[in-house]
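Please read them alongside the coordinates.

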Amino acid sequence: MQLHSIKVLFVGYLAMILLGTFLLTLPPMFSTNMGFLEAFFTSVSAITCTGLIIRDTSLDFTFYGQVVILVLIQIGGFGYMTVIGILYIAIWERLSTAEKSVINIVENLNHKSLSGVEKAVRNAFIFVLFVECVGALILSPYFCWKLNDTKMGIWAGVFHAIAAFNNSGFTIFNNSLIDYQADIFVNVVVALLVIIGGIGYVSTLEISRFCYSRVSYKIFRKEDFVTRLSLNARIVVVVNTLLVLFGMLNILIFEWNNIKTLANIPFWEKIINSFFTSVCYRTAGYNIFDMSGFDDRTMFFSVFFMIIGGSPGGTASGIKVTTFAVLIALSIAIIRNRKDTILFKRTIAQDIVSKAFSVFAIAAIYLLVATFLLSVFEPDIRFLPLFFETSSAFATVGMSMGDGGVLSLCSKFDTVGLCIIMILMLSGKIGILSFTLIFVGGTKSKHVQYPQERVLI
C-alpha cells in the first residue's frame, strides 16, 4: 500500500475504535461499571478481531453492548482487499499497481475502472454475508435446542457464526466453548467457519472455481477447466493443511496424558479437540478446554503456530502462511547453494523474498521487545505465559492462559501492560510493515550508489 493509504486506513481504524469505546461506555451497554480503559481495550480487541478480554462479554455487557462488539468485529473482519476497495470508492484515492492487482485478481479484471473495483468489493460483501448467514442458520437451531432458549439460541448462533468467520475469538458464553468440548457438531462447524474466514475471499473463490471446473471436466468433459491453481492458492492450501496437522500432533503428543486437558476424555474427543485447537491457532482464539493447564512444551510450540497466522486477504493476522512458506523456501535455497528461491517449481521474485524476511524480522523485534517490557512491568507473571499473550495479541488470536477465571491473562496487567497489548493487536491487524511505515515514513530514493564490501556470515 502507498503510505498515504496506510495512514488513512490507520486513522479509520482509530476512529472506529473511539466510536466503539464511546458506545460501550453508555449505560445501556453494560451491566456493571465500565471504565474508559476497559471499554477502549474491548473496542481495540473487537475491531482487530482478537478476542482478548479484560471484562466478561457474557456478564459485563448487555445485549446492546454485545451487538456493538459484534458490529466492531464485522467491520474489522473485512480483509485487505475489501478495505482497500472501500477506500478507493470512498475517497477516489489513486492506488498503486500492487493495490489494484490485489483488487483486480478477485474477478480477473483486466481494467482499473471504478466499476470493476465496485464489483469486486460487492462480491466480497456477498461472500462474507453468505457464509455468515449459512453458519448462523446451522448454529442457531442447534443452540436453541442445547440451551432450551429460543432467543438466546438464535443470538448465540448469529454471534458465533460472525465471530468465528472473522476469526475473532469473542464468545457470549462465560467459559468460551468449554461446555461444548464433547460436541462434535459445534467443533466442526465453528472450525470450518474459522478456516474459511482465515483463507479469505480471494483464495476461497479461486479454490472453489478450480474444484468446480475439475468436477465439470470429469463429469461433463468440458474443455474450459482450470489446469492449475495459482501459486498463492497452492501455498495457502498446502501450508494451512500442514500447519493444522502439525498443530494437532503437537497437542496430542504433549497433552495426551495431561490430566488438565486431554487425559480424561475419550479417544475421538482427543482427536477432535486437538483439531479444533490447532485450527484456532490460526488466529481464532476459542478455548475448548482450560489452556492454563497446557504443558509448557505445548505452550512453547503454540506460539509459533499463532505467529504464522492465516492467509493474505483473509480475516486472520500473523505474518501469514505465504510469508512462512517463502522463508522456508529461502532457507532451502541457501542450504542447497541455489541462487533462486523456488516454490512449487516457480521462482519467487527477490523483492517478495526481501519483504517476507523483513516481515519476519520486524515481527520478531516487536514480540521480543513487547515480551521483555511486560516482564519488567509484570514481574509476578512467568515469562512463557507473557510470551504466549504477546504472540496471541500480535497475531490477533485471542488465546490466553487466563487469569484463573474467565478473563484473559492481560486482565492482570496494569495500564502500561494493556497499552503494549493494544499496540500489538493494532499492528497485527494493519500489518507489521504497514504499521511501522506509519511512524517511520517512506524514504526518498537517492541516486547514490555506495561501494560494495563483503562481511562474514
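**Notes on the model**

1. The protein contains 18 helices and three strands; these are DSSP runs (helices H or I, at least four residues; strands E, at least two), numbered from the N terminus. The model is predicted: local features need pLDDT of at least 70 and side-chain atom pairs count only at pLDDT 80 or more, while totals for chains, interfaces and linings use all residues. Residues are numbered from 1 along each chain as its sequence is written, and side-chain values use heavy atoms, with hydrogens and water left out.

2. Of the 457 residues in the protein, 54% are buried (under 20% relative accessible area, with exposed over 50% and partly exposed in between; 1.4 Å probe, protein chains only). The accessible surface of the protein is about 22,000 Å², and carbon and sulfur atoms hold 66% of that area (Shrake-Rupley method, 1.4 Å probe; for residues, only the protein chains shown count as cover).

3. Among contacts in the protein with a separation of 6 or more, 70% are between residues 24 or more positions apart. Contact means heavy atoms within 4.5 Å.

4. Helix 15 (residues 350-377) and helix 17 (residues 415-430) have axes that come within 10 Å and cross at roughly 165°. Axes are lines fitted to C-alpha atoms, for helices over the stretch in contact, and angles run from 0 to 180 degrees between N-to-C directions. Helix 15 and helix 17 are therefore roughly antiparallel (under 35 degrees is roughly parallel, over 145 roughly antiparallel, 65 to 115 roughly perpendicular, the rest oblique). Helix 15 contributes Tyr-366, Ala-370, Leu-373, Leu-374 and Phe-377 to the contact, and helix 17 contributes Val-416, Gly-417, Ile-420, Ile-421, Leu-424 and Ser-427. By class, this contact of helix 15 with helix 17 has nine nonpolar, two polar and no charged residues (Ala, Val, Leu, Ile, Met, Phe, Trp, Tyr, Cys and Pro count as nonpolar, Asp, Glu, Lys and Arg as charged, and the others, Gly among them, as polar).

5. Helix 11 (residues 231-255) packs against helix 12 at an angle of about 125°, with the axes 8 Å apart. Helix 11 and helix 12 are therefore oblique to each other. Residues of helix 11 in this contact include Leu-243, Gly-247 and Ile-251, and those of helix 12 include Lys-270, Ser-274 and Phe-275. The class count for helix 11 with helix 12 is eight nonpolar, four polar and one charged residues.

6. Asn-273 lies in helix 12 (residues 267-280). Is Asn-273 buried or exposed? Asn-273 is buried, with a relative accessible area of 0%. Leaving aside residues up to four places away in sequence, Asn-273 touches Gln-181, Asn-187, Leu-262, Ile-265, Ile-288 and Phe-289.
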